[in-house]
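Here is a short briefing to read with the model open beside you.

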Protein chains: 2
Amino acid sequence: MENRTYTADAEPGESVTVAGWVHEIRDLGGIAFLILRDTTGKIQIKFEKDEMDDDLVETGLNVARESVISATGAVEEEPRAPTGVEITPDAVEVVAEADTELPLDPSGKVDAELSTRLDNRTLDLRKEEVQAIFAIRAEIQHAAREQFRELDCTEINTPKIVATGTEGGTELFPITYFGEEAFMNQSPQLFKQLIAGSNVERVFEIGPIFRAEEHNTPRHLNEATSIDFEGAFCDQHEAMDVAEAVVTAAYEAVNENCAEELDALGLAEEFEVPTGEFPRLSYEEAIE
Amino acid sequence: MENRTYTADAEPGESVTVAGWVHEIRDLGGIAFLILRDTTGKIQIKFEKDEMDDDLVETGLNVARESVISATGAVEEEPRAPTGVEITPDAVEVVAEADTELPLDPSGKVDAELSTRLDNRTLDLRKEEVQAIFAIRAEIQHAAREQFRELDCTEINTPKIVATGTEGGTELFPITYFGEEAFMNQSPQLFKQLIAGSNVERVFEIGPIFRAEEHNTPRHLNEATSIDFEGAFCDQHEAMDVAEAVVTAAYEAVNENCAEELDALGLAEEFEVPTGEFPRLSYEEAIE
């Protein structure tokens, strides 16, 4: 959309076009407010019914929540608005209309069952907490990659369709591969060893792994994203140094860049970057 | 390996332990040289037969090429050595012995058939050109991710096991998923649309895609890594802006950081960072 302004960038004195999702409509009689939400935040759009074109008022106030609209108008300071500014619209366009009866409440005020949430994932994803998870996850991956690169590791992408299992201890998903037996890989283990053992020496991969086990716990997944490291000439201490550096870097990045997201998840107070060296147990200590 | 020094960091006057692969042995009679290769380069190890312990000489010179060894000794300047320094060893240890008959020549002097290369991928991966491909690939991914982040895109990881195809035009690999029909995903399309359409607005993924087609060309793969972008409120021009920025950033990163790798691939002269805007065709122009 050309010339669109993010809600966070709408400055008083400007005329802007904002676009996003209808978060809430507050109709107070002569005056009504539409709260528009985009990826940067929310903005208030003011409708003074008696002073505005009837069509404009009707378009703006009869739209269902979570519909996608755009609005063009002057930005003004308004201390009572949630972000201190509001827009008085000259034009409102409904880009995509939502159903009037939403199957779940994306504002999060009303809880929904997990199955309802998954069946309506587009709406569920709009919740602040769910978005926070995606933002934190992206931050963790970025921090891990940067740390691996600082430690001279090369990023690799290993095959996911393989002829045999990598290691014991887990079941594999079989694939029909042009009439041959094949499986989805449970770990990049063998591939990262191949390349680490071939001069590249230090490699990492952040990618999907697949394990065909029926679990009765939310802590195991049939498909997950693994963060893998392999180093030639590394003893266990050097391997643990790398793991410790990557985990710490991830915590630090989340601490620095995800304050709002931690807050949305109710974790702002308990979140702590690990300090000092991680305890390391010998094999005998671990068995005990 | 504790206290190991990379060959590139071995400075004259120091006593170091280096470790890596036996690249070459040049036996000139009274004197012999072992060229040791690690991820940072190569170093010369000098054996003066009459002045050194017989066991040491035998261990160092009877080892098969591509074996893994470590060597400890004094680093000295030697203008005639390939890197200007050489090590006179006090100790040599064979970490892992290679077969005396290698199925292919990792120095690349003798060509091997593709099937031989794939059957002996550990050796094939040791070739300078093959390593260059991995290094350039990692650089491209890093540059693409950084550019996406600068353009406010959130990195996502979408499911690879799915219930239906994303789009027409390609065959899917079927999976046996706990007795249910499932497939390996051909594209993150639907998932990235779900999240882009849910406030996150701009997302990207660099991950595997799977297409079950028998191709008779090296330009199509059954498993590949795709670089995907999706943006809410983007028209085709904004989407092309993102694609152009990412492709250009990847070229720039390779140009800046991969001079040696381009040289190894014989591409140093022809490699060029695209300048100026990419040509954009209308639908009608494309049809013509």
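In this predicted model, strands β4(A) and β5(A), the latter covering residues 85-96, run antiparallel to each other and share 10 bridges. Strand β4(A), residues 68-77, also pairs with β1(A), residues 15-27, again in the antiparallel sense, over 7 bridges.

**Strand pairing in chain A**

- An open sheet of 3 strands has the order β6-β10-β11 in chain A, and its pairing is mixed.
- At the edges of that sheet sit β6 (154-155) and β11 (223-231) of chain A, each of which pairs on one side only.
- Strand β10(A), residues 202-210, is joined to β11(A) by 9 bridges in the antiparallel sense.
- Within that pairing, Arg202(A) has Gly231(A) of β11(A) as its bridge partner.

**The contact between chains B and A**

- How many residues does each chain bring to the contact? Chain B gives 62 residues and chain A gives 62 residues.
- Together the two chains bury about 5400 Å², with 56% of this area on carbon and sulfur atoms.
- On the chain B side, the residues that lose the most area to chain A are Phe178(B), Asn199(B) and Phe233(B), which together account for 14% of what that side buries.
- The interface holds 6 salt bridges and 38 residue pairs in polar contact.
- Glu155(B) and Arg145(A) form a salt bridge, with their closest N and O atoms 3.3 Å apart.
- Several elements of chain B give two or more residues to the side that touches chain A, among them β1 (15-27), β2 (31-38), α5 (189-200) and β10 (202-210).
- Which element supplies the largest share of that side? Helix α4(B) does, with 10 residues.
- By residue class, the side of chain B that touches chain A divides into 27 nonpolar, 15 polar and 20 charged residues.

**Helix α4 of chain B**

- Helix α4(B) covers residues 128-150, a run of 23 residues.
- From its first C-alpha to its last, α4(B) reaches 33 Å, close to the 33 Å expected at 1.5 Å a residue.
- After α4(B) comes Asp152(B), which has a positive phi near 65°.
- When you look along a helix, keep in mind that an α-helix has 3.6 residues a turn, so residues three or four places apart point the same way.

**Salt bridges beyond the interface**

- Over all chains, the structure contains 40 salt bridges.
- One to look up is the pair Glu244(A) and Arg280(A), whose side chains meet at 3.0 Å, N to O.
- These partners link distant parts of the chain, being 36 residues apart.
- Glu244(A) lies in helix α6(A), residues 236-257, whereas Arg280(A) belongs to the loop between α7 (259-264) and α8 (283-287) of chain A.

Key. Residues are numbered from 1 along each chain as its sequence is written. Chains are lettered from A and ligands numbered from 1 in the order in which they are written. This is a predicted model: local features need pLDDT of at least 70, side-chain atom pairs count only at pLDDT 80 or more; totals for chains, interfaces and linings use all residues. Side-chain values use heavy atoms; hydrogens and water are left out. Helices (H or I, at least four residues) and strands (E, at least two) are DSSP runs, numbered from the N terminus. The expected span of a helix is 1.5 Å times one less than its number of residues. Two strands pair if DSSP finds at least two bridges between them. Contact means heavy atoms within 4.5 Å. Buried area is the accessible area (1.4 Å probe) that two parts lose on being put together, summed over both. A salt bridge is a side-chain nitrogen of Lys or Arg within 4 Å of a carboxyl oxygen of Asp or Glu. A polar contact is a pair of N or O atoms within 3.5 Å; within protein, one must be able to donate a hydrogen and the other to accept it, and residues adjacent in sequence count only if both atoms are side-chain atoms. Ala, Val, Leu, Ile, Met, Phe, Trp, Tyr, Cys and Pro count as nonpolar, Asp, Glu, Lys and Arg as charged, and the others, Gly among them, as polar.
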